[in-house]
Amino acid sequence: GNAEAAGELGDVYHMAARSNDAETWYRRSLAINPTDASTLRALAALLRRERRGADEAKDLERAATAQEEAEKREEAKEEADWADLMSKETVTVEEFRNGVTQGAQEVPIGRAEQEEGAGREWLPGDRE
């Protein structure tokens with residue numbers, strides 16, 4: 001199943017004040033993707049609004065916060081890796097593809113090279 005679609009159905013039922021249906025769909029979504037911060041927060045809000053499951057709501061909020069922090073750390077790492085990669089004058093094909101440092105043949109990035117008399121922008125991956 002599709003976790004995102006199930007979570008969206010939960011939102012629709014939540015907005016329509018059909019709490020039991022909303023909870024069912026939020027839980028289905030989390031069964032598919034238990035780390036979706038948006039759905040974790042939505043279910044926590046529903047439980048709080050219904051004044052039930054206060055402990056579970058707190059646990060859901062903590063899980064959502066932990067997931068969001070992990071995603072932010074991963075995004076920051078990826079941005080730093082790409083910034084480092086793009087600051088180089090040369091980059092390996094593997095570095096360009098993977099965004100990580102690996103040993104391989106180095107190729108120029110962002111430099112115009114002559115190819116059979118016609119200049120063009122050449123990027124890694126064009127030739128191997």
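**Helices, core and salt bridges**

Biologist: Start with Arg 62. Buried or exposed?

Modeller: Arg 62 counts as exposed, at 52% relative accessibility. Keep in mind that this is a predicted model.

Biologist: What does the side chain of Arg 62 meet in a salt bridge?

Modeller: Asp 59, with N to O at 2.4 Å. Asp 59 has a relative accessible area of 43%, so it is partly exposed.

Biologist: And how are Arg 62 and Asp 59 separated in helix α4?

Modeller: By about one helical turn, because they are 3 residues apart in that helix.

Biologist: How far apart are the closest N and O atoms of Arg 52 and Glu 23?

Modeller: They are 2.7 Å apart, and the pair forms a salt bridge. Arg 52 sits in the loop between α3 and α4 while Glu 23 is in helix α2, so the bridge ties together parts 29 residues apart in sequence.

Biologist: Glu 23, buried or exposed?

Modeller: Glu 23 is buried, because its relative accessibility is 14% and the cut-off for buried is under 20%. Arg 52 has a relative accessible area of 30% and is partly exposed.

Biologist: What about Arg 41 and Glu 61, where do they lie?

Modeller: Their side chains meet in a salt bridge at 2.3 Å, N to O. Arg 41 is in helix α3 and Glu 61 in helix α4, so this pair links parts that are 20 residues apart in sequence. Arg 41 is partly exposed at 26% relative accessibility.

Biologist: How many salt bridges in the whole structure?

Modeller: The search finds 9.

Biologist: Back up a bit. How many helices and strands does the chain have?

Modeller: There are 5 helices and 4 strands. From the N terminus, the order is α-α-α-α-β-α-β-β-β.

Biologist: What share of the chain counts as buried?

Modeller: Of its 128 residues, 27%. The chain exposes about 8500 Å², and 49% of that comes from carbon and sulfur atoms.

Biologist: And the contacts with a separation of 6 or more, what share comes from residues 24 or more positions apart?

Modeller: Those residues account for 25% of such contacts.

Biologist: Now α2. Which residues there are buried?

Modeller: Ser 19, Ala 22, Glu 23, Tyr 26, Ser 29 and Leu 30. Looking down the axis of α2, the buried residues fall within an arc of 125 degrees, so they line one face of the helix. On the other side, Asn 20 and Ala 31 are exposed.

Biologist: What covers the buried residues of α2?

Modeller: The cover includes α1 (3-15) and α3 (37-49).

Biologist: What span should α2 have, going by its residues?

Modeller: Helix α2 covers residues 19-32, which is 14 residues, and at 1.5 Å a residue it should span 20 Å. Its end C-alpha atoms are 20 Å apart, so the two agree.

Biologist: How many residues are in the largest nonpolar core?

Modeller: That core has 13 residues. Those with the most contacts inside it are Tyr 26, Leu 40, Leu 43, Leu 46, Leu 47 and Leu 60. At least two core residues come from each of α2, α3 and α4 (54-86).

Biologist: Which helix gives the most to this core?

Modeller: α3 does, with 7 residues.

Biologist: Take Leu 40. What is it in contact with, leaving aside neighbours within four places in sequence?

Modeller: Leu 30, Pro 34, Thr 35, Leu 60, Ala 63 and Ala 64.

Biologist: Thr 39, buried or exposed?

Modeller: Thr 39, in helix α3, is buried, with a relative accessible area of 6%. Not counting residues up to four places away in sequence, Thr 39 touches Gly 7, Tyr 26, Ser 29 and Leu 30.

Biologist: Last topic, backbone angles. What is the phi of Ala 17?

Modeller: Ala 17 has a positive phi of about 60 degrees, although it is not a glycine. Ala 17 is in the loop between α1 and α2, and it is exposed at a relative accessible area of 55%.

Biologist: And the phi of Arg 51?

Modeller: Positive, about 55 degrees, and Arg 51 is not a glycine either. Arg 51 is in the loop between α3 and α4 and is exposed, with a relative accessible area of 77%.

Definitions and conventions. Residues are numbered from 1 along each chain as its sequence is written. This is a predicted model: local features need pLDDT of at least 70, side-chain atom pairs count only at pLDDT 80 or more; totals for chains, interfaces and linings use all residues. Side-chain values use heavy atoms; hydrogens and water are left out. The expected span of a helix is 1.5 Å times one less than its number of residues. Buried means under 20% relative accessible area, exposed over 50%, partly exposed in between (1.4 Å probe, protein chains only). The arc is that of the directions from the helix axis to the C-beta atoms. Contact means heavy atoms within 4.5 Å. A nonpolar core is a set of buried Ala, Val, Leu, Ile, Met, Phe, Trp, Tyr and Cys residues joined through side-chain atoms within 4.5 Å. A salt bridge is a side-chain nitrogen of Lys or Arg within 4 Å of a carboxyl oxygen of Asp or Glu. Accessible areas come from the Shrake-Rupley method with a 1.4 Å probe; for residues, only the protein chains shown count as cover.
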